[in-house]
Every structure is written in C-alpha cells, then in structure tokens.
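Please keep the sequence and the structure in view while reading.

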Amino acid sequence: MAKTALLVMDVQRAIVSRFDSDPAYLSRLGRAIDHARAGDVTVGYVAVGFRAGHPEVSPANPTFGPMIGTDAFTAADPGAEIHPSVAPAPGDPVFTKKRVGAFSGTDLDLALRSSGITDLVLTGISTSGCVLTTVRQAFDLDYRLTVLSDGCLDADDEVHRVLTTAVFPRQATVLTVAEWTSA
C-alpha cells in the first residue's frame, strides 16, 4: 500500500517576499497542508540553510556564492524561517538542504524510505528551481510523484506553464490543489 508525503519546499520568508504576484498562494498551500494532515499523509518541509560563514558554499556557485560574507539563510537570518502561514506543526520533519534540490545535502531519501513513503506530492518555490530539481531526482529514485501546479511558484509564468504542462507530466501527475484535495 502506498504511503504519501507532501513536501513543502523553500517556502521561507525571504523567498516568499520575492513573489507577490499570487496573493492567494499561501492560503492555497495551507489548504493542501490541512488536507494532508487530515488524511494519512506526512507533511515534510525542505528549507535552504547554511552554517554561519557559508562554509558549504563555493564562491563559484552563481546562486549561493553571493551569500558568502552575509547572514543570508543562516540561523541569524529571520528570512530563512519557514513562512508562518504554513509553518511546520510539532513533529513535522524539516530537512535543511545545501543546494537547489530537496535531496542535496539532506537525509530526506533515508527518512522517506525508513518511513515506508513511496509517493511524494511536491509544492514549493520555485518551479524551475527546487521543484524541477526535486522532480528529476525523486523520479530517478523511483518515487511516484504528484506536483501541485498552483502549489508552486516561479518568477517566470511561461517557464512555470511549460514545466507544469509539458515537462513534469512525463514523470509526475500534475494536479491543482483543488483537484488534489477533492480526490
């Protein structure tokens, strides 16, 4: 029998603040989380985070390199906190990643497999970043995947559309939050 986990990825204060084009995003994501908690679905969180000084980051990394020498996404950065609108409940696992994908630098795969989880429902920011990278790796790890299209955001609407309508369906079922919560 399939056991499912909903992953909420990179929905951190500093990241959410960059996306004001969809004011209903957090409430929609909250509905997905509530639906998961009401059923037999584990809710897990994935957040980007680093130690002070960013020793895990190469200056050659164009995404994370500019953070070196700042407090960005360290324990001292309030922007690294998971957005309080969708914050983890006591007991919800939180995985801290060091790169774009949810499996990079975490024990996520080990924790999922140890819990017997075979199916993942993916949400997060951004569609072309953590969601895409996680879909690809999770597919290679033989998880059955669902992507909640409106549970994801991207800075580029066209890229989001292409990923959710043409790329992800090759490896995942793509549903809206409303479709998933009514299924």
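Phe73 is found in the loop between β2 and β3. The model is a predicted one, and in it Phe73 has a positive phi of about 60 degrees although this residue is not a glycine.

**Backbone features**

- Phe73 is buried, because its relative accessible area is 5% and the cut-off for a buried residue is under 20%.
- Asp10 also shows a positive phi, near 60 degrees, and is a residue other than glycine.
- Asp10 is located in the loop between β1 (4–9) and α1 (13–16).
- With a relative accessibility of 7%, Asp10 counts as buried.
- The peptide bond that leads from Ile125 to Ser126 is cis, and its omega is near 10 degrees.
- Ser126 itself belongs to the loop between β4 (119–125) and α4.

**Aromatic pairs**

- A pair of aromatic rings is described by two quantities, the distance of the centres and the angle of the planes.
- How many aromatic pairs does the count give? The count comes to 2 aromatic pairs.
- Phe50 and Phe64 form an edge-to-face pair, with 5.3 Å from centre to centre and 65 degrees between the planes.
- Phe50 lies in the loop between β2 (41–48) and β3 (94–97), and Phe64 lies in the loop between β2 and β3, so their pair ties together parts that are 14 residues apart in sequence.
- Phe50 is buried, with a relative accessible area of 5%, and Phe64 is buried, with a relative accessible area of 6%.
- The rings of Phe103 and Tyr143 have centres 6.2 Å apart and planes at 25 degrees, so this pair is stacked. The class follows because planes under 30 degrees apart count as stacked.
- Phe103 is in the loop between β3 and α3 (108–114), whereas Tyr143 is in the loop between α4 (127–140) and β5 (144–153), so the pair ties together parts that are 40 residues apart in sequence.
- Are Phe103 and Tyr143 buried or exposed? Both Phe103 and Tyr143 are buried.

**Cysteines**

- The structure holds 0 disulfides.
- Cys130 is in no disulfide, and the nearest cysteine sulfur, that of Cys152, is 7.6 Å away.
- Cys130 is buried, with a relative accessible area of 2%, and Cys152 counts as buried at 3% relative accessibility.

**The largest pocket**

- The volume of the largest pocket is about 270 Å³.
- Which residues lie nearest the centre of the largest pocket? Of the 15 residues in its lining, those nearest the centre are Asp10, Ile15, Arg18, Thr63 and Phe64.
- Sorted by class, the lining of the largest pocket consists of 9 nonpolar, 3 polar and 3 charged residues.

How values were computed: Residues are numbered from 1 along each chain as its sequence is written. This is a predicted model: local features need pLDDT of at least 70, side-chain atom pairs count only at pLDDT 80 or more; totals for chains, interfaces and linings use all residues. Side-chain values use heavy atoms; hydrogens and water are left out. Rings of Phe, Tyr and Trp (its six-membered ring) pair if their centres lie within 6.5 Å; planes under 30 degrees apart count as stacked, over 60 as edge-to-face and the rest as tilted. Helices (H or I, at least four residues) and strands (E, at least two) are DSSP runs, numbered from the N terminus. Buried means under 20% relative accessible area, exposed over 50%, partly exposed in between (1.4 Å probe, protein chains only). A disulfide is a pair of cysteine sulfur atoms within 2.5 Å. On a 1 Å grid over the protein atoms alone, a cavity is a set of points where a 1.4 Å probe fits but cannot get out, and a pocket is an open set with protein on both sides within 12 Å along at least five of seven lines; lining residues have an atom within 4 Å of a point. Grid points are joined across faces, edges and corners, and a volume is the space filled by probe spheres set on the points. Ala, Val, Leu, Ile, Met, Phe, Trp, Tyr, Cys and Pro count as nonpolar, Asp, Glu, Lys and Arg as charged, and the others, Gly among them, as polar.
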